[in-house]
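Here are my comments on the model you sent. Please read them with the coordinates open.

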Amino acid sequence: MTCKVLIYAEQAEEYFARLKPQFPEVEFFPAYSRAAALPVIADVEAIFTLAHVIPRDLLAQARSLKWLQSMTTGTDALIGVLPSHILLTSCRGAHGPQMSELAFLYMLALNRNFLRMMKAQAEARWDRYAQPVLEGKTVVIVGVGYLAEHLAARCKLFGMRVLGVTTEPRKLPDFDHILPRTALREAAAQADFLVLLVPYSQETHHLVDGAVLAAMKPTAFLINLARGGVLDEAAFVAHMRAGRIAGAALDVFNKQPLPPDSPLWHLPNVIITPNIGGHSDRFVEQTLAIAIPNLRAFLDGRIGDMQNVVPH
């Protein structure tokens with residue numbers, strides 16, 4: 001089977017350079033602008049893209065589209081947008097290393113008050129204080145998918161107690177206990193670190209609201225690596241300003257890029273990063289490890305062998 005594939009991504013040319021030698025029978029169209037993709041969009045049968053990147057009006061013109069391979073783990077931006085007859089696959093699991101490392105960067109920086117260290121350095125001030133350790137701390141991971149499993153394994157290496165929160169509790173390696181989502185407040189009350197990795201949906205909109213934040217210990221930290229909408233930002237701002245939790249690290253927001261006038265920028269002991277959780281210097285290599293076998297299966301008509309099919 002031959003087909004036309006649009007690669008709509010910032011690294012489109014790098015994807016093209018790696019894919020073309022392996023699939024000489026496929027006509028690839030690398031593009032990263034609406035204008036560049038528009039002349040071919042009506043004829044492509046497959047699209048490789050980041051779920052939140054491709055313009056919706058461009059996608060609506062893909063009349064021959066049969067399959068969309070998202071190079072991201074999350075595909076919530078396409079739910080309700082992509083027609084149900086079009087196959088949707090994700091790169092779930094490809095971003096475990098960078099997500100786990102960012103979570104640890106946050107946990108270490110928050111736990112040891114690295115912002116205080118950097119302030120002292122800027123002021124050329126010798127500020128020596130006892131350094132808290134992660135060993136013995138409890139991390140509660142909300143959303144127990146592949147990324148959570150990857151993170152949990154690393155938390156255990158640091159001697160941490162690991163709890164999970166999910167809709168379908170089950171026994172998994174590296175989790176001390178997994179609770180149902182209905183017990184989120186109970187879990188939050190035990191957390192030294194409440195880490196959000198749950199997919200975004202109507203059911204998870206503002207999952208972490210004022211009541212969940214109120215259940216957290218005043219010494220606890222919140223880490224959001226999920227989606228902005230999972231956290232009630234207004235409630236979070238109120239709790240931080242009142243000093244009800246110790247701090248937070250946020251990588252995702254309701255509005256992205258985060259507007260300069262957002263109060264989140266100026267909250268005490270809050271680390272802000274620009275949605276870098278899934279990014280890495282090996283991003284193309286990581287995502288192609290899933291996309292290449294999927295493309296081979298698609299070309300061979302082996303739809304049942306394709307990885308990470310997302311119902312929608």
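**Notes on the predicted model**

1. At the start of helix H9 (residues 233-241), a side-chain oxygen of Asp232 comes to within 3.3 Å of the backbone nitrogen of Ala234. Bear in mind that this is a predicted model. After H9 comes Gly243, with a positive phi near 70 degrees.

2. The buried residues of H9 are Glu233, Ala235, Phe236, Val237, His239 and Met240. They pack against helix H8 (210-215) and against strands E10, E11 and E12.

3. Strand E10 (residues 221-224) and strand E11 (residues 247-250) run parallel and are joined by four bridges. In this pairing Ile223 stands opposite Ala249 of E11. Between the two strands the chain passes through H9, and this β-α-β crossover is right-handed.

4. On its other pairing, E11 runs parallel to strand E12 (residues 270-272), with three bridges between them. Here Ala248 stands opposite Val270 of E12. Within E11, Gly247 and Ala249 point one way while Ala248 and Leu250 point the other, and all are buried.

5. Which residues have the most contacts inside the largest nonpolar core? They are Val142, Leu194, Leu222 and Phe236, in a core of 35 residues. The elements giving two or more residues to this core are strand E6 (138-142), strand E7 (161-166), helix H7 (184-188), strand E9 (193-196), H8, H9 and E11. H9 provides the largest share, four residues. In soluble globular proteins, nonpolar side chains tend to be buried together.

6. Val142 deserves a look of its own. Leaving aside neighbours within four places in sequence, Val142 is in contact with Val165, Leu184, Leu194, Val195, Leu196, Leu197, Val198 and Leu207. Apart from the core of 35 residues lies another core, of 30 residues, including Ala109, Cys155, Ile178 and Val195.

7. Helix H1 (residues 12-19) has Ala12, Tyr15 and Leu19 buried. Seen down the axis of H1, the buried residues fall within an arc of 65 degrees, so they line one face of the helix. An α-helix has 3.6 residues a turn, so residues three or four places apart point the same way. The face turned away from the buried side of H1 carries Glu13 and Ala17, which are exposed.

8. What do the buried residues of H1 pack against? Their partners are strand E1 (4-8), strand E2 (27-31), strand E3 (46-49) and helix H10 (283-300).

Technical notes. Residues are numbered from 1 along each chain as its sequence is written. This is a predicted model: local features need pLDDT of at least 70, side-chain atom pairs count only at pLDDT 80 or more; totals for chains, interfaces and linings use all residues. Side-chain values use heavy atoms; hydrogens and water are left out. Buried means under 20% relative accessible area, exposed over 50%, partly exposed in between (1.4 Å probe, protein chains only). Two strands pair if DSSP finds at least two bridges between them. A crossover is right-handed if, with the strands pointing away from the viewer, the path from the first strand over the helix to the second runs clockwise. The arc is that of the directions from the helix axis to the C-beta atoms. Contact means heavy atoms within 4.5 Å. A polar contact is a pair of N or O atoms within 3.5 Å; within protein, one must be able to donate a hydrogen and the other to accept it, and residues adjacent in sequence count only if both atoms are side-chain atoms. A nonpolar core is a set of buried Ala, Val, Leu, Ile, Met, Phe, Trp, Tyr and Cys residues joined through side-chain atoms within 4.5 Å.
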